[in-house]
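Thanks for making time this morning.

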Amino acid sequence: MSLAMAAIAIASPNPLHSSLTLSNARGRISFCTRRRTHSLKISGSSLADGSALFQAAHYTVDTYIKSGMVIGLGSGIASGMAMQYIGLQLGAGALKDIVGIPTSVASATEAAKAGIPLGHYDDSSQIDFAFDDADIIEERTLVAVIGRTRSQGEESIIQEKTILNTANKLVFIVIENQYKSGMDGSIPVLVNPVNWMETAEEIDDLFLGDAELWRRPSVGLAGPHGGQFPLVTREGHNVIDVIFTSPILSLAEVSMSLDNIDGVIEHGIISKFPCTAVIASENGLSVVDNVPKNAVREP
């Protein structure tokens, strides 16, 4: 393998909503320190045959998952590949005593197909490790956006962020064009359906001229009001897609601004420490970590 250093990143954990109860549960770990990025480059010649995303999923499992772990199971194509590989490793005896905590109905279904034993979470314990897809991940910060394209009412951004934030270690598995700076696109925001219009107006005032707001529909085409059948999440919330028409200079700043609006229940921005991005491209894999400044060591 060839090694190289690249990029700088910072991140901070979001508040926890809940976590996992197990007999061997461990206490929470928190960090408050200046951070920068440590990056590993795996050249294309170092990879076996197959798609880069497939290799990224396998690399994540082989590198970070050990027997006896409680694992948060992400949602998306790469996460599905990782779960299939975990199932194969369990069947071969290379991994044992794994418990998976699904972030969505889809990931629970995929995990069950792969033969991964599943558990439930509550607010008393932690998860050892979690992996997930991301719609986009911000260069330099590893702050990510999730929930852009999932429209099923049974899925939950709250559940997904809960599990990712509860994990002691988080890895996002993405392709090269999902890892960028100066991002655009949408950010899903959960609001109370009773006063959603007032909340939408406050969000609109916050990003005036830089974003459009559309309430997500359950069926049919999207529109500013979500049509006759707006999506209602499992927890009873509407989803407002804040569609940025200007580049997003800082996801962290957008996250803090949304957190300060009373009517916002949750949103799809997640920043987490420690966090890793495993980035797949046709030239191989890049692995970028945010680690404490005093823990960075030259390869």
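Before anything else, a word on contacts: two residues are in contact when they have heavy atoms within 4.5 Å. Among the contacts in this protein between residues at least 6 apart in sequence, 81% join residues at least 24 apart. Please keep in mind that this is a predicted model, in which local features need pLDDT of at least 70 and side-chain atom pairs count only at pLDDT 80 or more, while totals for chains, interfaces and linings use all residues. Residues are numbered from 1 along each chain as its sequence is written, and side-chain values use heavy atoms, with hydrogens and water left out.

The secondary structure comes to 6 helices and 17 strands, where helices (H or I, at least four residues) and strands (E, at least two) are DSSP runs numbered from the N terminus. Of the 299 residues, 52% count as buried, and buried means under 20% relative accessible area, with exposed being over 50% and partly exposed in between, using a 1.4 Å probe and protein chains only.

Now to the interior. A nonpolar core is a set of buried Ala, Val, Leu, Ile, Met, Phe, Trp, Tyr and Cys residues joined through side-chain atoms within 4.5 Å. The largest one here has 28 residues, and Ile 65, Ile 71, Ile 116, Phe 129 and Phe 131 touch the most other members. Its largest share, 6 residues, comes from helix H1. There is also a second, separate core of 23 residues, which includes Val 145, Val 191, Leu 251 and Val 254.

Which rings come together? Rings of Phe, Tyr and Trp (its six-membered ring) pair if their centres lie within 6.5 Å, and planes under 30 degrees apart count as stacked, over 60 as edge-to-face and the rest as tilted. The whole structure has 4 aromatic pairs. In one of them, the rings of Tyr 64 and Phe 129 have centres 5.6 Å apart and planes at 15°, so this pair is stacked. Because Tyr 64 lies in helix H1 and Phe 129 in strand E6, the pair ties together parts that are 65 residues apart in sequence. Both of these residues, Tyr 64 and Phe 129, are buried. Phe 207 and Phe 244, by contrast, have ring centres 5.1 Å apart and planes at 70°, so they are edge-to-face.

Finally, Tyr 59, Tyr 64, Phe 129 and Phe 131 form one aromatic cluster.
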